[in-house]
Amino acid sequence: MLGDPRTVRITGDDTAAVFRRADDVDADRADGATDGPRQRPVPEAYVWCNLTSGNGTRALWLLLLPFMVVNLAHWMRPAARERTRAVRLYGLLVRLAGLTLTVLLVAAACEVALDLTAWQCAGTRACAQRHSWLGFLSPDVRDGGWWTRPGRRLALAALVPAALTGLLWYLSHRTWRAYESQEPLDGRPEREDMLGHTALGRPGFWYGRRLVARLRAAHTAAGLLTVAAAVGTAAAHQDHRPGGPALLDVLGRLLEAALAAGALATVWVVCRRGRSERRLDRRLDAHLVRSLPLAALVLLALTLVYAGWHRPGWTSAGRLPGDAAFGAIALLQGALVLVLAVVAAVLHRAAGPDPRGRAALRGLGGPAVVMLACALGGVMSGGVSQRVSDWLDGTGTFLAGPPVLLTWQASVIPVLLIVLGVLGGLLGRSAWRLTRAERAAVAREYGADPGDPARTQRIARARAMATLTDRAPLFVGVTSATTLLLGAGALAGAFATGRTPSRATEGAPSFLQGAAQTGQALGSWLIGFGFILFVTWGRRAYKDASARRTIGILWDVGTFWPRAAHPFSPPCYAERAVPDLTWRMATWTRATGGRLVISGHSQGSVLAAAAAWQLSAADRGQVALLTYGSPIERLYGRWFPAHFGPAALKALHEDVDCWRNLYRLTDPIGGPVRLSGEGRVPEVDRAPLADPLAYGRTEHHPLPAPVLGHSDYQADPAFAEERERLLARLCPVVPPQGGEPREQERS
């Protein structure tokens with residue numbers, strides 16, 4: 001970044017830091033010299049790559065993918081400042097959807113450990129003999145053993161999902177301390193009209209400690225209560241039968257009441273308070289944060305004691321009671337998505353006209369992404385359950401298997417893939433047509449007629465493929481709508497028949513029966529293959545640094561936003577990076593009286609804008625922005641209109657001294673900002689850069705120039721030209737006290 005192998009860390013740590021060239025370490029010192037380093041721009045580099053890619057434990061973040069996706073949906077609401085209640089309801093619905101994902105994940109762990117392993121396999125002679133490590137739990141293998149009682153088997157197996165819940169709590173707490181505990185610059189709150197219709201400039205936006213702690217306590221309690229419900233429901237079901245022990249029957253009902261009360265308390269904590277962004281909220285609800293998970297843990301311990309009590313005649317057969325919980329979760333998630341869609345539509349309409357149609361899915365991007373998060377959670381839950389069931393029951397004759405709903409959900413996956421295949425074919429056909437149209441444009445722009453057909457085709461194809469990013473709303477919308485419809489069909493089929501698709505169609509026409517059998521077999525294979533692929537990718541990422549960097553790139557957008565809907569989502573690196581940049585810019589400008597050119601590439605341009613919003617109005621006036629390959633409007637402006645919408649970007653353009661943006665037609669990520677200039681303020685976007693720089697061989701390019709796409713913008717002469725223009729624009733300022741004006745460039 002600095003173009004010099006001799007660099008020195010100015011400030012920061014091993015996670016993120018600011019560097020200078022060794023020759024520029026003392027460039028800010030006012031020594032009275034007139035020709036010293038301070039007379040020229042001093043470049044600095046802010047390095048934050050370790051926030052998104054680092055050691056091998058980052059591979060564990062793949063397990064948190066559904067949580068990250070639902071957290072994204074929180075920030076995708078339409079921009080409607082007047083609808084305060086609707087905005088709060090939107091956030092509440094997304095937080096509830098996040099809570100259902102936690103319950104779903106822990107329920108899947110309960111399905112594997114309690115139902116398939118401890119209840120079905122250990123309770124079946126053939127399966128227990130096939131897996132000798134389960135012998136001490138089997139009443140047929142070890143008759144009279146202490147652990148062979150069904151309740152005690154369930155109590156022992158419950159340690160697995162309880163440990164998973166504890167691991168999620170630990171990761172959330174640890175990553176908060178490592179990434180998000182940095183306090184932003186504590187400035188005076190500005191009026192909403194001065195912040196340009198965005199919350200990113202509020203003092204407490206990048207410090208969500210209070211809400212994350214509350215949500216962490218609630219989700220931890222929800223996970224522990226889910227484990228307690230899975231164990232306690234089975235034991236209570238046995239005690240409620242006629243002729244059962246009266247004392248255990250009463251204890252079972254008291255336990256069920258306590259579980260219901262705990263669930264209500266958990267939901268209340270999730271619903272009670274949202275984010276406090278208008279001020280830097282350092283308070284912590286310490287009593288609630290400690291007492292709620294502790295109470296759930298105590299209730300779980302009492303449930304395990306209750307389940308382990310001796311019950312004569314209790315045997316495990318079929319599936320574990322309570323497998324209908326998966327259907328209840330799916331039904332609740334579908335209802336939340338539909339209500340959220342209604343709220344999002346109301347907010348989008350209240351936001352006013354969108355003449356350019358830039359808002360993704362007409363404001364329904366958030367509900368669509370919530371649906372995808374629920375689908376990911378369902379696929380992960382069904383995949384692990386199906387794989388473990390196949391592993392335990394190799395012949396498919398010993399065990400009843402996972403809940404019927406999971407089999408129905410797996411059976412509709414082939415249909416979803418067919419729909420996505422058709423959509424992919426249509427998008428590919430559109431890209432092919434656009435490639436043909438772009439060939440004439442390439443030949444005209446480079447004056448290459450006839451030129452090299454292969455060279456023209458490569459450039460035209462790169463431009464056409466780059467436009468597929470703009471079709472992402474269509475892809476997400478079709479995927480979400482299809483998933484919702486197929487999920488509703490699977491839920492209806494499971495509830496109506498109570499049997500798997502192949503058995504439910506017995507006696508039906510041969511075509512229908514064959515389709516059901518094919519879908520069930522293929523879906524089971526696909527969901528199992530997907531789970532194995534997922535685990536393999538995670539294992540490779542753990543060992544391979546390059547694969548870990550790939551995951552880090554995928555996480556750039558997902559973990560930019562604070563954890564507002566799910567505390568177990570991967571950590572928000574911007575809650576470290578934005579305060580870093582803000583503190584450095586504010587303290588440097590105030591100490592030296594100098595001015596800054598902030599140059600940011602790709603996601604760095606989003607961080608630069610977010611940091612500029614956090615500055616005071618006076619400090620923002622001393623900053624110029626140079627962005628290149630920036631997704632700030634193409635991705636963020638479309639998917640997060642409440643925070644990066646046209647009004648917010650226009651206000652930022654007016655507040656900073658100047659803003660210039662570079663992009664290429666071959667770039668699939670970066671794009672124009674679409675802001676015009678007024679008066680002395682030039683428009684933001686420069687005309688699209690040529691890519692490649694030369695069509696054929698020239699004196700400056702004796703070898704064929706590559707198509708760069710999203711990378712290496714600094715190699716284009718336009719970058720140096722725009723930087724010099726910004727520096728020249730910043731030069732004629734009133735000299736600071738004790739010296740000349742100082743300029744500084746930061747990447």
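Biologist: How much of the 747-residue protein chain counts as buried?
Modeller: Of the 747 residues, 53% count as buried, where buried means under 20% relative accessible area, exposed over 50% and partly exposed in between, with a 1.4 Å probe and protein chains only. Keep in mind that this is a predicted model, where local features need pLDDT of at least 70, side-chain atom pairs count only at pLDDT 80 or more, and totals for chains, interfaces and linings use all residues. Residues are numbered from 1 along each chain as its sequence is written, and side-chain values use heavy atoms, with hydrogens and water left out.

Biologist: OK, how many helices and strands are there in the protein chain?
Modeller: The chain has 24 helices and seven strands. Those are DSSP runs numbered from the N terminus: helices are H or I with at least four residues, strands are E with at least two.

Biologist: Take strand S4. Is S4 mostly covered or mostly open?
Modeller: Mostly covered: S4 spans residues 595-601, and six of its seven residues are buried.

Biologist: And in what sense do S4 and S5 pair?
Modeller: Parallel, over six bridges, with S5 running across residues 623-628. Two strands pair if DSSP finds at least two bridges between them.

Biologist: Which residue in S5 is the bridge partner of Ile598?
Modeller: Leu625 is the one across from Ile598.

Biologist: Switching topic, how many salt bridges does the structure hold?
Modeller: It holds 24, counting a side-chain nitrogen of Lys or Arg within 4 Å of a carboxyl oxygen of Asp or Glu.

Biologist: Which residue does Arg358 form a salt bridge with?
Modeller: Glu633, with the closest N and O atoms 3.0 Å apart. Arg358 sits in the loop between helices H9 (325-350) and H10 (365-392), while Glu633 is in the loop between S5 and helix H21 (636-639), so the pair ties together parts 275 residues apart in sequence.

Biologist: Is Glu633 buried or exposed?
Modeller: Buried, at a relative accessible area of 5%. Arg358 counts as buried too, at 15%.

Biologist: What else does Glu633 form a salt bridge with?
Modeller: Arg674, where the closest N and O atoms are 3.3 Å apart. Arg674 is in the loop between strand S6 (658-662) and helix H24 (717-730), 41 residues from Glu633. Arg674 is partly exposed, at 37%.

Biologist: Which residues are linked in a network of salt bridges?
Modeller: Arg660, Arg686, Glu721, Glu722 and Arg725.
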